[in-house]
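I am keeping these notes while going through the structure. The entries are in the order in which I looked things up.

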Amino acid sequence: MRRLTDAMRFRSLESRIVTLFLVLLIVVQLVGLLVIQRGIDSNARTAIASELVNGGKVFARLMEQNAQTLRNGARLLARDTGFLAAVGNTDEEDRATIESALANHGRRIKASMTMLVSAERKVVAATSDAQAAGLEHMVMSMLEKAEESDGANGVAVVERLPYQIVVVPVKAPVTIGFVVMAFPLDERLARDMRDTTALQTLLLTRDAKGHWLPVASSWPPASVGAIMEQLQGLGPMPKEAIDLAIDGDRFSVRMTPIGEDDGHVAVAMLGRSIDEATAEYARLEHWLLGLTVAGIIICAVASVLTAKRIAQPLRQLAESARRLEQGDYKVDIASSRADEIGALANAFGSMRDGIAKREQEIKRLAYWDPLTNLPNRAQFLLKLNDSLAEAKKRGGSVYVLMMDLDRFKHVNDVMGHSFGDALLKLVAGRLQQLLANRRQQAYVARLGGDEFAVLLPGSDLGHAVVVASEILHALESPLQLDEQMVDIGAGIGIAGYPEHGMDGEELLGKTEVAMYTAKQRNDGAVVYEEAIDKGSQQSLSLLTELRQAVENNELRLFVQPKITFSSGHVVGVEALVRWQHPVRGNVFPDQFIPFAEQTGFIRVLTQWVLERSAELCHALAQRGIHLKVSVNLSTRDLLDQDLPAKFGEIFMRHHVSPGAFCLEITESAIMDDPVRAQQTLERLHAMGCDLSIDDFGTGYSSLAYLKRLPVDELKIDKSFVMNMANDVGDAKIVRSTIDLGHNMGLRVVAEGVEGDAAWNILAEMGCDQGQGYFMSRPMPADQLAGWVESWRAPAFAE
C-alpha cells in the first residue's frame, strides 16, 4: 500500500516538476564537471607533450656538451709532446709509454676505455681489449669524420650497454693516429637530466629482437622493473608519447633514440607524471563539486515551491473537469489569475459552453451521414434490430437490401471526389423519392462509400425482390450532373429474417455476401444462399493455400519451347506455372489462375514466374544457350504503375538483359483500363522487353490497339491452328493474321501445333515460330537445357 501511495505521488505534477528540475540541474552540472575534467586532462597532456619534446632537445644538447668536454680532454692527450713522440716511434718502450698515457689520461677524465688507432686504421693500444674489440667497428666508421672535423663523437652499444665515443686525430703535423675514448652513459647523466628538466629519465638499450635492457635511471629500482614489464609487451618502439602506470601513478613517457650500433639501439626515455601535472586543478574540482551540491539544494527548494503554485490551481481545474464529465455544466471554473493558468481556466469555461452546444450535434452526427443526410450504418443497425425484435414478437419477417454502385470508383478517379460526392447525393435523393412513394414502410441508409441499404420491415421475399427490381430500374436512367451524363448501375444483395439470419449483424453480413455475388455475376440482384457463402469460404481457403504455396515452395516453373519454321532452331520458351499441392497433388492452372486474377494475387504469381524465369535465363546463358523467355501479364499486372521498376530490379539482380524477355498480354487485359495499360507497356518496352499480343483474333479491338501499342509479336490463338487442316475458314484466318503481322513488321507465333500437317501448312504460309505438343509438351524448367541440346527438327523442316 505504501509503495502504491509513493507511486501515485511520483505521478503527480508536483513530483514531476521537482524531479525534472533536479534531474536537469544534476545532468548539467555533471556534464560541466565532465567537460572541465576532460579539458584539464587535455591541457595537462598538451603541456606534458610539450615538456617531453623540449626535454628531448635538452637531452640532446646535454649529450653534445658532454661530448665537447670529452673531446677537449682527448685533445689534451693528442697534443701532449711526450705522447706525440711516443706515437711517432715504434719501439716497445714507446708502446709502454703510450699505454701508460692512455690509462692515466682516461682515469683523469673518467673514461671507461681509451685506445690508440694508427693512421693505417689498426688498434695500437687499448686499456680494455674487450671493449676495444666491441667498439672497433664503430670507431673505424668515425675516423674519416674525425680527421676532417678535428674530432667526432657518437654512441655505441657494447654488451648491451651504451657508451659515448670520442675520436680525436693525433697530428704531427699530419695525422699519425687517433685517440679514442669511451664514456659510459650512467645514472649521473639520468640525474643531471632530471635536475635540469624535472623529467624522470631512464636510459636503456634495445637489441635486434626487441628486448629492452635498463642501463641507468632517475626512477627507483622497483619502478624500473614495472616499467620494463610494460615495455616488453609494446612491440615496435613508439614514436609518440605513451602512458605507463608506475608506482600507482600515471606517467606520459616519450622515447628519444640517442644512438644505434649494429642493430642495437640506445634510447633515453623521458617521463612526466600526469597526476602531478593535474594536481593543481584538484582544488578547482572540489570547489565546483561543492557549488554543485549547493545549487542542487537551492534548486530543490525553489522547484518544490514553484510546483505547488502550479499544481494547486490545476487540481481545482481537474475537479471541475470531472464534474463536466458527469454532465454538470453549471460548475464554476472562473479564475482571477492573469497568467497562463488563468487563461486555461477561462478556456475551460469556454469549453464547457461549447461542449453543451455540441453534444446534441455529436449525437446527430453519430447516427446520420453528413453527406447525404441519410441514416448511417450505426443508425441503420439500431433500426434493424428494433424491427427484428418486433418481428420476433409478432412472428413476422424483415428483409434487407444492400447495394453497391457500379463504376463509381472509376467515376471518382476520373471526375474527382467532389463530382463523386455530388453523384452520391443524387443517388440518395433518387432512392428516397422511390421509397417515399410506396405504401409499405421502407428505410434507406448510406453504410459508407458507395454502399446503400434499404430496410423493409414486415416484408416478404417477393416484395423485397420487387423493391430491388424497382431500384435497379430507377438507376438505369442516366444521372445528369455538371452537364455530364453518368450511366450508373448497382449490384443488390437480399437477405431476410428468419430465413437467413436471426440478428442485425448476421443479416447485414449475409446481405453483403449476396451483394458481392451480384456484382461478380453482374446479375443485378441476388438473394442470399448458403452455397454462396460456401463458395466464399472456399475462395478464402484457396487464397490462403496459394499464399502458403509461394512461401512453402510448392510452385514449379514449366516451359514450352518455341521453334522457328525456317530453320527448326529453338529460339524461345513460354514460362508456365504449376502447383504441386501437398494434399491435392497437381493443381491445374485453370483451377487457380482465374481466382488469382480476381483477388489480385496474380501479381504475386507474376513476380514469382519472372523471378524463376530470370534464374533460368541466367543459368542457360552460362551454358551458352540464349533463348527469349515469354511471360504472361494479367490485367492486374498492367494496372500496377510500379511494374517496370519491379521487373528492372529482378533483371538487375539476376544479371539478365530485358531483351531476353517477351511479355505476353491479352486484349481483355488492355481493355480494362486502356490508358494505364498503355503507359505501363510503353515503359516496359522502353526498358528493352519485347511485347506480344496473346490469343490474337479472339477479341474485337485488337487491331485498334495494334496501331498504338509498341508490339513486337502476334500469337495466333490455338483454336484456329488446331482445326486449320480441316477447316478452310480457320486456315484463311491464320493466313490473314500472318500476312497482317508481317505487313506491320511483327513476328508471328502459332500456338497449338499438334501435328505434322499443321507444321507443314504454317511453314508454307511463312509463319515465323510455332509452339505445341508436336514439338514438346510443357516440361520442368530444369529439363530444358538437356532437351535443347538433344532437339532435332523434323526432317520436313529442312
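I started with Asp406, which I found in the loop between strand 11 (398–405) and helix 12 (408–415). The model is a predicted one.

Next I listed what Asp406 touches, leaving out residues up to four places away in sequence: Ile488, Gly489, Ala490, Gly491 and Lys519. With Lys519 there is a polar contact between the two side chains, at 2.6 Å.

I then turned to helix 15, residues 504–521. Its 18 residues reach 26 Å from the first C-alpha to the last, close to the 26 Å expected at 1.5 Å a residue. At its start, I noted a side-chain oxygen of Asp503 within 3.2 Å of the backbone nitrogen of Glu505. Among the buried residues of helix 15 I noted Gly504, Leu507, Lys510, Val513, Met515 and Ala518. Just after the helix, Asn522 has a positive phi of about 60°.

Last, I checked the second largest pocket, which holds about 1,100 Å³ of space. It is lined by 36 residues, and those closest to its centre are Glu574, Leu576, Pro589, Asn632 and Asp694. Which element gives the largest share of the lining? I found that strand 19 does, with five residues. Other elements that supply at least two residues each include helix 17 (589–599), helix 18 (602–622) and strand 23 (690–696). By class, I recorded 15 nonpolar, ten polar and eleven charged residues in the lining of this pocket.

Note on methods
Residues are numbered from 1 along each chain as its sequence is written. This is a predicted model: local features need pLDDT of at least 70, side-chain atom pairs count only at pLDDT 80 or more; totals for chains, interfaces and linings use all residues. Side-chain values use heavy atoms; hydrogens and water are left out. Helices (H or I, at least four residues) and strands (E, at least two) are DSSP runs, numbered from the N terminus. The expected span of a helix is 1.5 Å times one less than its number of residues. Buried means under 20% relative accessible area, exposed over 50%, partly exposed in between (1.4 Å probe, protein chains only). A polar contact is a pair of N or O atoms within 3.5 Å; within protein, one must be able to donate a hydrogen and the other to accept it, and residues adjacent in sequence count only if both atoms are side-chain atoms. Contact means heavy atoms within 4.5 Å. On a 1 Å grid over the protein atoms alone, a cavity is a set of points where a 1.4 Å probe fits but cannot get out, and a pocket is an open set with protein on both sides within 12 Å along at least five of seven lines; lining residues have an atom within 4 Å of a point. Grid points are joined across faces, edges and corners, and a volume is the space filled by probe spheres set on the points. Ala, Val, Leu, Ile, Met, Phe, Trp, Tyr, Cys and Pro count as nonpolar, Asp, Glu, Lys and Arg as charged, and the others, Gly among them, as polar.
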